[in-house]
Amino acid sequence: MEGLILCYYVHDLDLDRQPVENKDVAELVLGFDIEWPVTYESGVEPKTALLQLCTSSSVCYLFHLSSMTGFPGGLKILLESEQVKKVGVGIQGDKWKLLRDYNIKCCNMEDLSALANEVTNSHENWSLDGLCKHLTEYETNRLSGLKFDRK
């Protein structure tokens with residue numbers, strides 16, 4: 001799993017000492033997605049458990065928020081930065097979920113669904129899995145049931 005960086009602790013990605021407002025990150029675009037446990041109880045919505053940020057097609061950070069004692073300060077700075085663009089499919093729903101769960105006010109978020117519809121000449125309500133399958137003819141592998149031990 002080269003390029004997959006697992007973060008279980010609040011300081012696994014220490015951005016607190018690395019200011020976001022510099023010219024190196026002003027052009028940074030991050031792939032963004034979140035996951036949370038499915039529940040079938042009416043009125044119950046568990047908090048976001050996993051946040052994924054990809055800096056390239058070969059490097060992805062997985063933040064296991066459910067195992068952390070709090071929301072990482074550096075990650076909050078990054079998500080709330082206007083300088084760094086975050087992109088994903090269905091990203092507006094994820095933005096509101098993080099606000100409800102952790103009071104994170106995500107900025108500079110762009111949903112790729114409109115671009116996907118323009119490129120594919122369609123009017124779909126895309127999921128990330130559906131878009132990947134449509135463009136590549138392969139389904140995404142969500143690694144269901146896979147657990148990672150903390151080290």
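Here is a walk through this predicted model, from its overall layout to the parts that call for caution.

Let's start with the layout. The protein chain has 4 helices and 6 strands. Reading from the N terminus, the order is β-β-β-β-α-β-α-β-α-α. Of the 151 residues in the chain, 33% are buried. As for how the chain folds back on itself, take the contacts between residues at least 6 apart in sequence: 56% of them join residues at least 24 apart.

Now for the inside. The largest nonpolar core has 19 residues, and the ones with the most contacts within it are F32, L51, L53, L79 and L98. Which elements give two or more residues to this core? They are strand 2 (29–35), strand 3 (50–54), helix 1 (73–80) and helix 2 (91–102). Leaving aside residues up to four places away in sequence, L98 touches F32, I34, T48, L51, F71, L79, N103, I104 and C106. Three of those partners, F32, L51 and L79, are themselves listed with L98 among the core residues with the most contacts.

Next, have a look at helix 3, which spans residues 113–120 and buries S113, A116 and N117. Viewed down the axis of helix 3, these buried residues fall within an arc of 100 degrees, so they line one face of the helix. The general rule behind such patterns is that an α-helix has 3.6 residues a turn, so residues three or four places apart point the same way. Just after helix 3, N121 takes a positive phi of about 55 degrees.

Finally, how far can you trust all this? The chain averages a pLDDT of 78, and 74% of the residues score at least 70. Confidence is highest in helix 2, at 93, and lowest in helix 4 (residues 128–136), at a mean of 71. Over residues 16–23 the pLDDT is below 50, and this stretch has 12 contacts in the model beyond near neighbours in sequence. Residues 144–151 also stay under 50, with 10 contacts beyond four places in sequence. Where pLDDT is low, the predicted coordinates should not be read in detail.

How values were computed. Residues are numbered from 1 along each chain as its sequence is written. This is a predicted model: local features need pLDDT of at least 70, side-chain atom pairs count only at pLDDT 80 or more; totals for chains, interfaces and linings use all residues. Side-chain values use heavy atoms; hydrogens and water are left out. Buried means under 20% relative accessible area, exposed over 50%, partly exposed in between (1.4 Å probe, protein chains only). Contact means heavy atoms within 4.5 Å. A nonpolar core is a set of buried Ala, Val, Leu, Ile, Met, Phe, Trp, Tyr and Cys residues joined through side-chain atoms within 4.5 Å. The arc is that of the directions from the helix axis to the C-beta atoms. pLDDT is the predictor's confidence in each residue, from 0 to 100.
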